[in-house]
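Please consider the structure shown below.

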Amino acid sequence: MTLTAAPVDRTELVELTRTLVAAGQPWCENSLDGPARPPEEVRIAEPVAALLRGWGFTVRLAGRHPTRQNVLATKQFGPGPTLMLNDHLDTYPSGPPSRWTVCTENPYRATELGGRIYARGTSDTRANLATLLTVARRIVAAPPQAGTLSVVLTVDEERNGVEGACYLLEEHGLRPDASITVEPTAWALGGRGGIALATAQTGHALFDISARGRSSHIWRPDTGVNPAQFLAEAITEIRQRPVGDWPISVVGLSAGEAGMAQFTPLEARARVAAVNIGPGVSAGELLLAFQQRVCRLAPAGIDTEVTYVPGPTFVAGTVEMAADDPLVATIDEAYREVTGEAVRHYTKPAFNDTIRFRHAGIPAVTFGPGEDGWAVYDESISIDTMVMATLVLERAVRSYLTGR
């Protein structure tokens, strides 16, 4: 794949990534099922806001909580549309450093190795943020004569955007003409790779399946009804034959009580994530479908309950953006001009703020150098792909703002 646009300073891009990876960590960790500590994204919001101000943007911080501040920056070049570049400020947790084979002492100390940068938040999403900021700086350094560039960096994305994208849409009337979320869409296959364009996204849900049975002594399992055994069998059945079109991942299991190992458990619980949720699915519809399946599977003596995990744990997907939409067409053209190849369109199987913007009626897509895959440990990103994304995004932004 041959790049045909002006060069990007790789050293500056890598150093900015190193700085952003470390900024505010580990206070910006944010788990979907409830963070270990209240996140403090303001620790990265403030230094990033200072960068944007230094490049001539008008910047403000906004959030419901002093420690959870979103960054809203704008730079008007002339009459014309407003294009938003979006990314988020929180990361998901790093887990114990001992489980990493790179960055083993500190997962937030970025390490360059074999053309990649390793650390928590490289692919999702500090390195994408470094790419976004580099694009913004390059645009301002050689400004177009039309349009407004908006940079919106949100908190709480790892918790489905309630304090970030949702807050800005509802409380601040955020309504750009179009938006690009610079989040993972890169791909690699058979020694080749590129960056795809997500024109739609699927949603997800997180819920608990609880079962209550009748305890027995471990020597007399025939006298009880074991809820743990039931859940194991029910989950296996649901994984093999999904409810609707929604595959599941089991993220937690619990049963039994301390000091009661001579007896089968009275209660058991599985925490389950359902994915691939389309745009026409409601929270009630999905929950009812799982309740009915679990109830049908339950034998006599087992009582079941399916409930959403507290919080914003259901998100519906979005419909596909049309290929002739101005934003989609602009990125298509920019990608071909930079790489000489056509960009792949696809439906991204994960949440990011694009979903919230699409639900609000904003034309929005996802395009960024991180790779779909979401590594639990040894998260990394290709520097070459970051360079490619910078060139494509810069060209697309200039074209969209000027209408050329």
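This is a predicted model: local features need pLDDT of at least 70, side-chain atom pairs count only at pLDDT 80 or more; totals for chains, interfaces and linings use all residues.

Residues are numbered from 1 along each chain as its sequence is written, and side-chain values use heavy atoms, with hydrogens and water left out.

Q: Why does the radius of gyration of the protein chain agree with that of a compact globule?
A: The radius is taken over C-alpha atoms, and the globule rule is 2.2 Å times the number of residues to the power 0.38. For 404 residues a compact globule would have a value near 22 Å, and the protein chain has 23 Å, so the two agree.

Q: What makes up domain 1 and domain 2?
A: Domain 1 comprises 10-201 + 318-402, and domain 2 comprises 203-314; such bounds come from an automatic or database domain assignment. Their C-alpha centres lie 36 Å apart.

Q: How many residues of domain 1 and domain 2 are in contact?
A: Contact means heavy atoms within 4.5 Å. Nine residues of domain 1 meet this criterion with nine residues of domain 2.

Q: What area do domain 1 and domain 2 bury between them?
A: Buried area is the accessible area (1.4 Å probe) that two parts lose on being put together, summed over both. For these domains it is about 760 Å², with 59% of it on carbon and sulfur atoms.

Q: How many salt bridges does the rule find across the interface of domain 1 and domain 2?
A: The rule requires a side-chain nitrogen of Lys or Arg within 4 Å of a carboxyl oxygen of Asp or Glu. Across this interface it finds zero salt bridges.
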